[in-house]
Amino acid sequence: MKPSMKMGVIVLIGVFVVFYQYHLSTGIRFDQIADLNAADAVDSADSPEENPVFSREDVESYVRTSKSKEEMIRNAVRSVQKTNGLSPDVAASLIQELIDRFNKNAFDDAGNNSSSRVSRISKISATSQARTSLDRHRQEPVDPLYIITPTYRRPEQIPELTRMSHTLMLVKNVHWLVIEDATVATKQVTELLERTGLKFDHLTAPMPEKYKQKKGAKPRGVSNRNRGLQWIRANATDGVFYFADDDNTYDVALFDEIRRTNRVSMFPVGLCTKFGLSSPVIKNGKFVGFYDGWIAGRKFPVDMAGFAVNVKFLLQRPNATMPFKAGYEEDGFLKSLAPFEPKDIEFLADNCTKILAWHTQTKKNEASAPLDMKLYSETNLVRLKEQIV
């Protein structure tokens, strides 16, 4: 072959390589065509911009482009043939060789990309199956949780119930028993409960007068909680109940934990008493006692927010009740669940190593000053004041 002919062939191959590299960076790949009705359909559901589904027009365009590239190879070789005097056999052989190399490299690239695509589809399929399983798990029915919340009229009442309601909105199958220490339910509380969309009962249970007149510490919330127990006995058959005061803060994970209660479960409460903590003590995986700032000879020296009870377990103990004895409400109620001993406690919150309930104790506020109706009778302040208890 003449030197000029060799140079022409080299130039032709160089042009083809550049042309082919451009094809790889901008053209439609074989694997994209092969996966039109499967991979891309799945892929595009997760990332539509990254993996578009190609239409029939895209495929036809690709076929036309491929034929155009083969025609360009033929034209380039024929041009070299005319200029450098290649024989027809050599020209035909060169054309076929370049087209074969073009197709081989394209299919090799398609195979590599197809493997990558298959791997990606497998991941997508696994993710999809996991999502389906998670969705199915979320849709599975779960036993109800009954949250018994004593409350009383004060400036902090609505904001604290608001905070608590937004936590309970994240919990599945919860029934909120809000029980006021009053003879008449507070309208603002009822309106708040209706806005939450939660299942609820708004009840009242005033403290008996003889305890109101008593000097010193009073058994606050006892009548409310006993009213809640009365409601559960009349309306519930399964699930778990929990005494949740409205001035506490709760990690939403707590409610998944207490749903597993079979008898009586216990867990730590933070910011409680002078110790800053109330909790069962676990040593080497075994229960050894209680840690609380006020033991006072109690068999169960725990905080009201530190235990939950299974409904069926309660229903088997018709005499269980909370005593009107300040400081001994929890202990008295847990002892009324007999037969029940500390050895029977179920320890939650990762074997009592996590705090999921906190005594945050909102700062008390002074009662709201009355509105000067001469100045503000026709303003928005009238409606705003109605929301402040």
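## Notebook: sheet, helices and pocket of a predicted model

Entry 1. I began with strands S1 and S4, which run parallel and are joined by four bridges. I noted that this is a predicted model, in which local features need pLDDT of at least 70, side-chain atom pairs count only at pLDDT 80 or more, and totals for chains, interfaces and linings use all residues. Residues are numbered from 1 along each chain as its sequence is written, and side-chain values use heavy atoms, with hydrogens and water left out. For the names, I recorded that helices (H or I, at least four residues) and strands (E, at least two) are DSSP runs, numbered from the N terminus. Two strands pair if DSSP finds at least two bridges between them.

I then looked up single partners. Isoleucine 147 has tyrosine 242 of S4 as its bridge partner. Tyrosine 242 also stands opposite alanine 308 in S10. S4 and strand S10 (residues 307-310) run antiparallel, with three bridges between them.

Entry 2. I traced an open sheet of seven strands in the order S3-S2-S1-S4-S10-S6-S11, with mixed pairing. S3 and strand S11 (346-347) stand at the edges with a single partner strand each, so one side of each has no neighbour in the sheet. Strands of a sheet pair through backbone hydrogen bonds, either parallel or antiparallel. Strand S6 (residues 264-266) and S11 run parallel and are joined by two bridges. Methionine 266 is opposite phenylalanine 347 of S11.

**Entry 3. Two helices.** I checked the length of helix H6 (residues 157-168) at 1.5 Å a residue: its twelve residues should span 16 Å, and its end C-alpha atoms are 16 Å apart, which agrees. The expected span is 1.5 Å times one less than the number of residues. The buried residues of H6 include Ile158, Leu161, Met164 and Leu168. I found that the buried residues of H6 pack against S1, S2, helix H7 (187-196), strand S5 (249-250) and helix H10 (253-258); contact means heavy atoms within 4.5 Å.

Helix H9 has 14 residues and reaches 20 Å from its first C-alpha to its last, close to the 20 Å expected. Among its buried residues are Val222, Arg225, Leu229, Trp231 and Ile232. Which elements do the buried residues of H9 pack against? I listed S1, strand S2 (174-180), strand S3 (199-204), strand S4 (240-243), helix H11 (311-315) and H12.

**Entry 4. The largest pocket.** I read its volume as about 980 Å³. On a 1 Å grid over the protein atoms alone, a pocket is an open set of points where a 1.4 Å probe fits, with protein on both sides within 12 Å along at least five of seven lines, and lining residues have an atom within 4 Å of a point. Grid points are joined across faces, edges and corners, and a volume is the space filled by probe spheres set on the points. The lining of this pocket has 32 residues, and Arg220, Arg225, Asp245, Asp247 and His359 lie nearest its centre. Strand S1 (145-151), helix H9 (222-235) and helix H12 (329-335) are the elements that give two or more residues to the lining. By class, I recorded 16 charged, eight polar and eight nonpolar residues. Here Ala, Val, Leu, Ile, Met, Phe, Trp, Tyr, Cys and Pro count as nonpolar, Asp, Glu, Lys and Arg as charged, and the others, Gly among them, as polar.

**Entry 5. Single residues.** Lysine 312 is found in helix H11 and is partly exposed, with a relative accessible area of 48%. I noted that lysine 312 touches Thr237 and Asp238, residues up to four places away in sequence not being counted. The C-alpha atoms of lysine 312 and threonine 237 are separated by 6.5 Å, although the two residues are 75 apart along the chain.

Alanine 338 and proline 339 are joined by a cis peptide bond, with omega about 5 degrees. Proline 339 is in the loop between H12 and S11.

Alanine 349 lies in helix H13 (residues 349-352); its phi is near 55 degrees, a positive value in a residue other than glycine. Alanine 349 counts as buried at 2% relative accessibility.

Definitions and conventions
Buried means under 20% relative accessible area, exposed over 50%, partly exposed in between (1.4 Å probe, protein chains only).
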